[in-house]
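Welcome! Have a look at the sequence and the 3D view below, and then we will walk through a few spots together.

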Amino acid sequence: SAIAFDTSCAAAMAKMADVGGWKRMEDLPEDVWMRIISALSAEDCARLECTCKSIKNALDVDLVWRKFLERNYLLETPRFPTKETEIAAKKKSSRDMYLAWTYEFVKYGGLTRRALECWKRIETWTKKEIEEVHASLCPGATESELDLTEQDLGHELLPALRVVYRLHNGQDLLYDRMVDQRRFVGGSRREAHPSLFHGVFGGYAFYDQMINVRFFSLERMVRWTELCKAQGVIPPDSNCVVFAASFNFQKIFVADCNSGLVLVSHSSRQTLSQAVPREGDHGDGFIRWLEFFSDQMQKGIFSVKRFDGSTGSRGISLYPVAGPQYHVRVTGGVRCEASCVYIPELSQINHHFFSYSIRFALLSMQEQEEQCGTAHQSVQLQDRRWNILDMHGVRVDQVAGDGVVGQYPYLKAGDPPYEYQSCTSVEEGPGFMEGSFGFVVGSISNPRGSRIEVECPRFELNRPEYIV
């Protein structure tokens, strides 16, 4: 029993104190206490406090509860879950903070830890890679705010959705604030423009398609859910809520509070498609979607890139730069990198749309010598050839032409890579794409050697299970 365990623990600790010459339990050295506590849970310590005054005094130390806050709630710096709980607290100790977290989150069970781990991964990555996005994450919502949101929506929110919002109540972006307040005057639009691309769920850009998805606050969730229902994007009698969307609302993410699944809008804007696979009836689809996204972020699959060439505005790019969907090939000293993303907002039920990103770089003179036995100071792309393959690897289409996206990139040895994005589509099942790029040694106007046919590695065109 718990009492027997606590009593035996107390006896063992008393014996340690006796052997070590310590007369009182609170006299145990800090490192000894930390070793004991490391094997105990916060609940064990709370029970131990009831066994005797010496143990209660010894455990009532800030460092002890700091450890539990970090272990159980991933808090490197102790804090209360909300400003409201901090104001209401009679004491401001780490123990009181721990009790406040436990009291407020116990109702969510195992979902709490999963949500904490998701946000920890996102916070860590954004703080390192793009501080503007990290700074835009709002403090968590209170239980009262969530209850009022449910009243406004007319239905309950799933626990998985509530616990995520308990930790961060959406994003606060300058552009959104100015839109809400209709405050675009003079240079204010230019000032707010970069925040268009600071959505925490990232995006992509190719031709005139520019997507970057922000996480909605509860207030914006209610407003845009009502609008989407009025426009028929969401069935008006459903218990669906819009929790994220691109600034132009071409890409919309929806949480279904009946099934627990995450849905994403199609090109028709009248159809929603699953963005997360159905696994049992646990109602945790939203958490699983966020776990997938944050895991990809932590693994370095995403990167930070310029979205708007005219202003240099940066954002989180979903084109993979690592992992199984990222491919590299070096031919004749030219490095070619390829990856692609699924584009749900341009796809239809049986017609899937993709955008791919291609990067070229001419290796340094030394690297070319080492890998190819010869070296070129410069090369220039002249033409391209693409093969579209079906799921069996049989060619179903071929595209050829001069340059890429109307340009003929000139590469110098060791310079930063040239990158471009384009798009393609496939009917029904999965397919593949591969090709080659013709480069002239020197330049097109002043060739200095034979052509180099640079291979582009094959990449898959397949609708993923998880759509981000």
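The lining of the largest pocket is made up of 14 nonpolar, 8 polar and 10 charged residues. Keep in mind as you explore that this is a predicted model.

**The largest pocket**

- The volume of the largest pocket is about 930 Å³.
- Lining this pocket are 32 residues, and those closest to its centre are Leu-75, Arg-79, Glu-123, Leu-167 and His-168.
- Three helices, α6 (83-88), α8 (110-129) and α11 (159-167), each supply at least two residues of the lining.
- Which helix gives the most to the lining? That is α8, with 6 residues.

**Aromatic rings**

- The model has 36 aromatic pairs.
- Take Phe-201 and Trp-289: their ring centres are 5.0 Å apart and their planes stand at 75°, and an angle over 60 degrees counts as edge-to-face, so this pair is edge-to-face.
- This pair links distant parts of the chain, 88 residues apart: Phe-201 is in the loop between α13 (188-192) and β1 (203-206), while Trp-289 is in helix α15 (residues 285-298).
- Are these two residues buried or exposed? Phe-201 counts as buried because its relative accessibility is 2%, and Trp-289 counts as buried at 0%.
- Another edge-to-face pair is Phe-360 with Phe-437, whose ring centres are 4.7 Å apart and whose planes are at 80°.
- Phe-360 belongs to strand β11 (residues 351-362) and Phe-437 to strand β16 (residues 431-442), so their pairing ties together parts that are 77 residues apart in sequence.
- Both Phe-360 and Phe-437 are buried.
- Ring pairs also build a cluster, with Trp-119, Tyr-165, Phe-201, Phe-215, Phe-243, Phe-253, Phe-286, Trp-289, Phe-293 and Phe-302 as its members.

**A closer look at Thr-424**

- You will find Thr-424 in strand β15 (residues 418-427).
- Why does Thr-424 count as buried? Its relative accessibility is 14%, and buried means under 20%.
- Leaving aside neighbours within four places in sequence, Thr-424 is in contact with His-352, Phe-353, Phe-354, Tyr-356, Ile-388, Met-433 and Leu-461.

Key: Residues numbered from 1 in each chain as written. Predicted model: local features only at pLDDT ≥ 70, side-chain atom pairs only at ≥ 80, totals over all residues. Heavy atoms only, no water. Helix = DSSP H or I, 4+ residues; strand = E, 2+ residues; numbered from the N terminus. Buried < 20%, exposed > 50% of the residue type's maximum accessible area, 1.4 Å probe, protein only. Contact = heavy atoms within 4.5 Å. 1 Å grid on protein atoms, 1.4 Å probe; cavity = no way out; pocket = protein on both sides within 12 Å on 5 of 7 lines; lining within 4 Å. Points joined across faces, edges and corners; volume = space filled by probe spheres on them. Nonpolar A, V, L, I, M, F, W, Y, C, P; charged D, E, K, R; others polar. Phe/Tyr/Trp six-rings, centres within 6.5 Å; stacked < 30°, edge-to-face > 60°.
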